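Subject: Structure handover

Hi,

Here is the structure for your files. Please open it alongside this note; my findings follow.

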Amino acid sequence: PYFLPCFISSIFTCFSITTAYFFLEETLPSKVLEKKLKAAAKTELLRSPSASSYGTLTPCITPTRPRDLSVDTPPTCVETPATKAVETSTLSLLLDQRVRNVLIAGFLLSFVCVGWETVFILWAYTPLSLGGLARKPAEIGYALSSTAFLGIFISLFTFPALHSRFGTKRIYVASMSIWPVVIVLIPLVGWLANTLRNRQVFAAVHSSALAKFYAHSPNEMLAIIWTGLVGISAISRFAGMAFSANIIMVRSAAPNQESLGSTFGLAQSVACIARATGPAVASSVFAISVDKNILGGNFVWVVLILVALYGVEATRRVEEEHDQ
């Protein structure tokens, strides 16, 4: 049953790799310089085929001056000494306060996001009596996929408009601040759904007019559950703008142009650690919370809220600009 979704995902991955290989240009300064030197050597060879000889081709050939020194013959190509790229080690990047702040904020953002995604699915599948929504896997998938289109719209239109008006830092802090709100809404919706369920049970057992007055019809209860499920997922798409802002922050935190690749690679490594540990930690805490009934099964939300609040504080420490 897992072959089709994995196959479709691999197709997108192969398409991305192919597109990047054939259509994206190299930006590493040393590779760009090497490409220019090879192009100059090839151009010089085509201009002066008689000057070529057996052996190594030089990228720049300067003809011998004539005996009459009063005649100034310009060289065919002026050799420009290549500026040696400043190599930045991983340790030096970690010692940079600006880079370290961005890495900490990115780690917390990825940890909260993947942790929320994991427990959100578990919570939606959990029975109403345990604080969940008792939804089927297909229904949870429909809710997530429907809000995915909202996420695409936000990335293409909403984020660029807000970024041009408010800047990267304010968008980063504001979008990260949405995560605690999203997490708080989960137990509230679960409490509301469980309350409505208890009222229905109470109305079924007691035939008094007061019990029937407080009870809700199954359709009304289902509408409230779906509103909460889709609404929380939709709000999380706005919180996802923090990832776009984080990429810009990583670019600004790079000490120089030559260390961009190292900085982005380090940021991706830190994010991958968070994505690897986040689901395991979040699902384990969720299971312990429900099984041991810690804080009424809400201990997992307290942990995620605290991590999200620390992430908000970490984003405030990130500096938007870096002297290049």
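Two helices, α10 (260-292) and α11, each supply at least two residues of the lining of the largest cavity. Helices here are DSSP runs of H or I, at least four residues, numbered from the N terminus. This is a predicted model: local features need pLDDT of at least 70, side-chain atom pairs count only at pLDDT 80 or more, and totals for chains, interfaces and linings use all residues. Residues are numbered from 1 along each chain as its sequence is written, and side-chain values use heavy atoms, without hydrogens or water.

The cavity: V281, A282, V285, V300, V303 and L304 line it. By class, that is 6 nonpolar, no polar and no charged residues. (Nonpolar means Ala, Val, Leu, Ile, Met, Phe, Trp, Tyr, Cys and Pro; charged means Asp, Glu, Lys and Arg; the others, Gly among them, are polar.) The space inside is about 30 Å³. A cavity is a set of points on a 1 Å grid over the protein atoms alone where a 1.4 Å probe fits but cannot get out; lining residues have an atom within 4 Å of a point. Volume is the space filled by probe spheres set on the points, which are joined across faces, edges and corners.

Next, α11 itself. V300 and L304 are among its buried residues, as are W301 and I305. Buried means under 20% relative accessible area (1.4 Å probe, protein chains only).

Finally, S236. It is found in helix α8 (residues 218-239). S236 is buried, because its relative accessible area is 6%. Leaving aside neighbours within four places in sequence, S236 is in contact (heavy atoms within 4.5 Å) with W116, W179 and V182.

Best wishes

Terms used:
Buried means under 20% relative accessible area, exposed over 50%, partly exposed in between (1.4 Å probe, protein chains only). On a 1 Å grid over the protein atoms alone, a cavity is a set of points where a 1.4 Å probe fits but cannot get out, and a pocket is an open set with protein on both sides within 12 Å along at least five of seven lines; lining residues have an atom within 4 Å of a point.
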